[in-house]
Each structure stands twice: as C-alpha cells, then as structure tokens.
Amino acid sequence: MTDTTTTQSEASVDETLAALTLEEKASLTSGADFWTTKSAPGVPSIMLTDGPHGVRKQRANGDHLGITDSVPATCFPPAVALGSSWDVTLLERVGIALGEESVAENVGVLLGPGINIKRSPLGGRNFEYLSEDPIASGVLGSALVRGLQSQGVGASLKHFAANNQEADRMRVSADIDERPLREIYLRGFQRVVEDEQPWTVMCSYNRLNGVYTSEDPWLLNTVLRDEWGFTGLVVSDWGAVNDRVAGVAAGLDLEMPSSSGRTNAQLVEAVRSGTLAESVLDTAARRAIDLAFKAVAGARDGATYDADAHHALAREAASASIVLLKNDGDLLPLATDAAVAVIGELARTPRYQGAGSSLINPTKLDNALDEIRVLAASGAENVTFAPGYAADGTEDAGLVAEAVVAASAASVAVVFVGVPAEQESEGFDRDHIELPAEQLALLDAVIAANPNTVVVLSNGGVVRLSGFADRVPAIVEGWLLGQAGGGAVADVLYGAVNPSGRLQETIPVRLQDTAAYLDFPGEHGHVRYGEGLFVGYRWFDAREIEVSFPYGHGLSYTTFDHSDVSVTTDAAGLVVRLTVTNTGSRDGAEVVQVYTSLPGSAVVRAPRELKGFTKVALAAGESRVVEVAVRREDLAYFDTRVGQWVVEGGSYTVEVGASSRDIRATSSVEVSGDAVRVTLDLNSSIGELMAHPVASQFILQAMASQGEGFTSALMDDPGMFKMMESFPIGRLAGFPGMGIDRDQIEQLLAAANAAS
Ligand code: BGC
C-alpha cells in the first residue's frame, strides 16, 4: 500500500517542524496524558486508544489496564477467535468496522492488532494473538490493518517484538537465536509492515537478547526501517520507556503515556549537551507531526456507525471462528425440535473477552442460552437449563444433581465449560491448561447420565481435552467470541451456520508435550527460547508427538475433497492449484492449507511449514478450482552466515491439506536457489571448500599434487573424508607432509573469494 498522505503533506510537515522550538519538538514525542498526544503550534493533539478487538475509549481517569469505564463499543471476537476463522476478507471487514467506530469516537490510532506468536499455551495474552504460525499471523494481521486504515484510522502493530509471555514482561529478556527470531517471531511483523505500512508500530515492554526493545537501534532502525522500509512512527507500549534519550536515539518516536515533562526535559538537555543530535529528535518529531496530520485527515465530525450492523458482523465473525473439533455420529447439528439440556453457567453468563487493556464495554451482550432458545423450535419447552457449577467456581453437589436430572431427561446435553476469567488476563501467564475440577466433575456426571453430550468450550488459550475428548461425541471450541458469541454458538449448534473455523494453535495431549515447556517463563530476567524454530506444530511434527487436535484442524457439517493438485513456479514464487469439491449435502467452507518442506536441506527445518492458505465457500455439491500463491520470500530461511534471507534451491515438497495432519495431496516442485556468497577464510572447513565451486577445484588439484594414493585414500574412504571435512583449512598448513603452506592457502582463498 502506498502512503499517499505522507507524500502530500511532507512539505507542510517539514514547515511545521521548522517553526518549532527545541522544547516543543521534545514535547511532541511524548503523550499529553494517558491517551492523547501533545499539541504544538500547527500540530493538533490526537487520541490513541485500545484495541485490538473494539474501541476502548475511556470516559474519565484513564488507565491502561481496563480498570475504568469506557464508552460502549462493539466487542468483536478477540484475536484468538478471529485468527481461527482463517478468513482474510472477514478480518478486513472487522478492521473496517473498527475503523468506523474509531472515527465516530474521534480516535486517530487504534492500538492493535497484536500479532505475537503463541509460543506456549500458558501465555497469558494468547487470547489477543492470532496464531502459533508467523505466516498466518502476518496475513491475517495485514487484513485487520488494511481494513482499519482504509477508514483513515491508524493501526498500531504490537507488541514489537518477542513479547510471548506476561511473566516479568516489563523486564524479561527474550533470548532468541537469529533464525527463530527472524523466521518465527519477526516474520509476521515484517509481512504486515511491508504489505500495509501500519501508521504505527508499538514496541514491547521486554528486552530482546538483552536490550529493551524501546531502545534497540537494531530492531527499530536496522530491521524495521532500513530492511523493511517502515515509514511510520514507533510508539512505546504504555510505560515501556526505560531510558528516553537512548530510546529516541534508537528510533523510538513517541513515549506513551505522558511522563509529565520529566523525560522531555532529559531530551532537551541531551540535545543541548550534545549527547543527542538535534536531527535525531527532529526525525522523531517529524514522525509525530506526520501521524497527527494523518489522523486529522481521517477524522470526520459527527460520524456515526450502525451498532446493529456491527453486532451482526460480530456474530458472523464469531460463528466463522468457532472450531468444531469433534462430531462423532453427526450428533451436531441439533434438530430444532430436539430435547436439549443446556448445562453450565457459561451458557447463561458468557465469557466473551479477556481481561486487561483490551477490555471492551460492549454495546450489547448475547448469551448462548437465550439464543439457543430462539433457534429451538419451541424455545423454552425443548430447552432446559441447569447451571451445573457456581459462577465463582465453588463446588455444589446440588447443582450437579440438578444437571444430571436435566441431562437424563433430554436427548442431548450441551455442556458449557471454560477457563475462569481470573486465570486469563494480560499481565500474568496461566499456571496450567486444565479446566476447573468442578467443571470436569460435572462433565463426568453428565456423560454418565447421557452419552449424547456436546462440550462447548470458552477459553482464550487452549485447554487440555485429553481427559474426556474420547468420552464425548462432540466438542465445539468456542474460544472467547465477543459480544455476539452466544448467537454464534447457537447458530453452529443448530446448523444455521456450518462451522468453518480451524485451529491456529495445536491442542496438546499434555502441557509437558509442548515446545517451550522447559523454557517458560525463564528465570532471573531471562527466558531462553530453547526450542528454536520448533514452535507449535513445527515441534509436534518434528518430534512425532501425538496431539489431541492438530494445527489447522476443524470439522464441518459437510465434507470436502481436494483433487487435481498442481504446483508451478513463477517469478513471485509458487502457484498451487487444485479443485475443491463440497462432497456433502450442506453448503460450507473449507480452509485449504499449503505446507512446504525441503528434504535434504542444508539447514535445520521443520517437517512442514505453512506457506499459504485460502478459505473457499462452496455450495453443496459445488466444485471450484482454487489457487494458493506461495511467495518466494516465504520459502526463504535466514542465513546467519551472510545475514540475509536465502531461498535454498532444490526440490520442495508441497503438501496440500485440511490440517497439518490431514494432508490430502503431496507434490514436489523444483525451485532455483539464491546464490549465497560466504567469504572463505582460514577457518573455513575442508567441507565448505569442497562445496565451493572454485575452491573445490583448488583443493582437488592440491590433493592430486600429493599423488594418486593420497587422493584415493581420502576420497574413497568415506570415514576419512568425513573426518577431514570439518578440518579448518588454516590448520592444515604446515602439517608435516601436507605439501601446502599458509601462503598457498591464503592465495587459494583469495582466488576463490575473487572468483565467486
Ligand atoms: C498493553 C498494550 C496496550 C497499552 C495501552 C499495555 O499495558 O500491553 O497492549 O495497548 O497498555 O493500554
């Protein structure tokens, strides 16, 4: 997307900047209060507000943890749900609606989306993030940004970067090797920045490899701006500034919230004393002015939005996000005249969003029980209700007994269970992934009374299902679905909507099986990402670990066939073409997932990695040819030797499937590689020299000069050659009988380097 606003107003931004005093420039780079920026001559103040799945504009006494009240706004499904829709168009529409509500509230920047990777199921804020996969996070995050910014409202892509846990989040150092950092944790951010130019990026609280992200010149300037071409403003997470002068020098433009002038004075002093170049402060102030101009250009006095239409969109989005995990014997959808026992307080008192800064004051709130009664043929008569457990989690044998009676009298029991609100919030992580004991006990009792039991889950991060998944015929993963989630659940239960969500997070058999189990949340201020590249399904697949439900899984009330898969290459990458057929008797939507791998790769790789996907709606019996484009750059790994993305040449395996463990077709395609120029030196190994087109010739010649016997002793004996392979060439110089000295080796290396 080209940012025309910036270009048009560039001259006026510069003129405005030139007229400001040093103090005024410093003041523009920090907030006026909790949510607004400072004004200066010619520069209006603008409002930034949370985000991400609704507009949380506080009425008074701002705080950033959702403590004080905010104006009513549509609470769309949080990212955990939206991500599971895998629906780019839908996320863009939600982004547009968020933009409309922001404009109506005179909000210039909405603080979202959050696209951090779900590294561990324990992550306290997983409900605010889209996926365990970087391409999925990037593509879906882009859609939200595109929709929002199309309304003249800025996005704030957060939390940049590696904010994958809440424990010690304001200090902890995420210690990550460069390949996983680039390929897993930064890749999604890169995608959104390059494709959509969010107006702002929010740096995180934590440190990354020892450096606060709010003062990391490598992250904020080298990577974000120089490599990815980011032209917007970097805002601190609220309170993330550690050292303001170091931050501005590193590329941090706006401190939020206000520090009441204290750190502005530090900036002024740093410029006066010569420790900070005024031009650096000018750059930050220029970006703040540019942002204010863009926000003002997008503002529309008197703008309103259609709250009912947005509620309907929230319902549509929620129903598209629900994942039908299991449906043995087609227990679902329910017949409208079925005798249904709805059990569980969560059916009546929904948990529909997480806690903390994203807490929205909804315009209205549906609950599943009422909505089920609307859809059931004769409402209250067919549908009984028993709360089953107390809202506060206390055990109550009477409530269980009542639920058992209701379940026994019904043809189907629909049991709502989930994670209590106090266990899932910004600011702390979960301790476990277990459902509450009293809910599990209730479930056991209900299953015993009526085996036709459907479980409906409400949770922001995954929960362990392995204790009961094989004892119930149907499980509906209902996440946290926003204010219209109750209706969405009813729609799916009765088949008014055919479920089409797919997991963005693997559901493990046990917490102990997960990748970060031994390295979460770290200790003494450091968390080591010891699993490296192997996050989520990459880990389970590489270790061949059984899971309860794999990444990408989700059922439908119809079935889909994938056929005629072909893969071709073009300059942009791969084009995967296939025919998808709805082979059942209901309309529905399939998520076609494309995974690649490179057998025999020279670098460590996961057995399969998601590289593209598309969601396709098909009427019953309909067939359609669909295309999934895989960008060439998405095939690249980050080569730490040269500090560059590199596409390795070779025959790539392309898997097309309905989940990461339901691969329907496998194909392969030859991809030409990028040339990698690694400078050879005395520490280069014989193996590396042998792999080098020019150096290998010299080596072979040098060996030949030692006589036939020498060459064959080395080359024909695999054990000997393997041993020699790792030998640095410089160490050979001067070995008795080698017949090659250091000078000759240096000449050889120089010639090889010059020739490549
Ligand atoms: C959160 C951000 C949020 C900000 C403002 C911080 O605590 O990490 O996500 O946007 O507060 O409320």
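Biologist: Where is proline 333 found?

Modeller: Proline 333 sits in the loop between β10 (323-327) and β11 (340-343). Strands here are DSSP runs of E with at least two residues, helices runs of H or I with at least four, both numbered from the N terminus. A cis peptide bond joins leucine 332 and proline 333, with omega about 0 degrees.

This is a predicted model: local features need pLDDT of at least 70, side-chain atom pairs count only at pLDDT 80 or more, and totals for chains, interfaces and linings use all residues. Residues are numbered from 1 along each chain as its sequence is written, and side-chain values use heavy atoms, leaving out hydrogens and water.

Biologist: Which peptide bond is cis, with omega near -5 degrees?

Modeller: The one from lysine 158 to histidine 159. Histidine 159 belongs to strand β4 (residues 154-160). Most peptide bonds are trans.

Biologist: What makes glutamine 197 count as buried?

Modeller: Its relative accessibility is 11%. Buried means under 20% relative accessible area, exposed over 50%, partly exposed in between (1.4 Å probe, protein chains only). So glutamine 197 is buried. Its phi is near 45 degrees, a positive value in a residue other than glycine.

Biologist: How far is a polar side-chain atom of histidine 159 from an oxygen atom of the ligand?

Modeller: The distance is 2.7 Å. A polar contact is a pair of N or O atoms within 3.5 Å. For lysine 158, the corresponding distance is 2.9 Å.

Terms used:
Polar contact = N/O pair within 3.5 Å; in protein donor to acceptor, adjacent residues only side chain to side chain.
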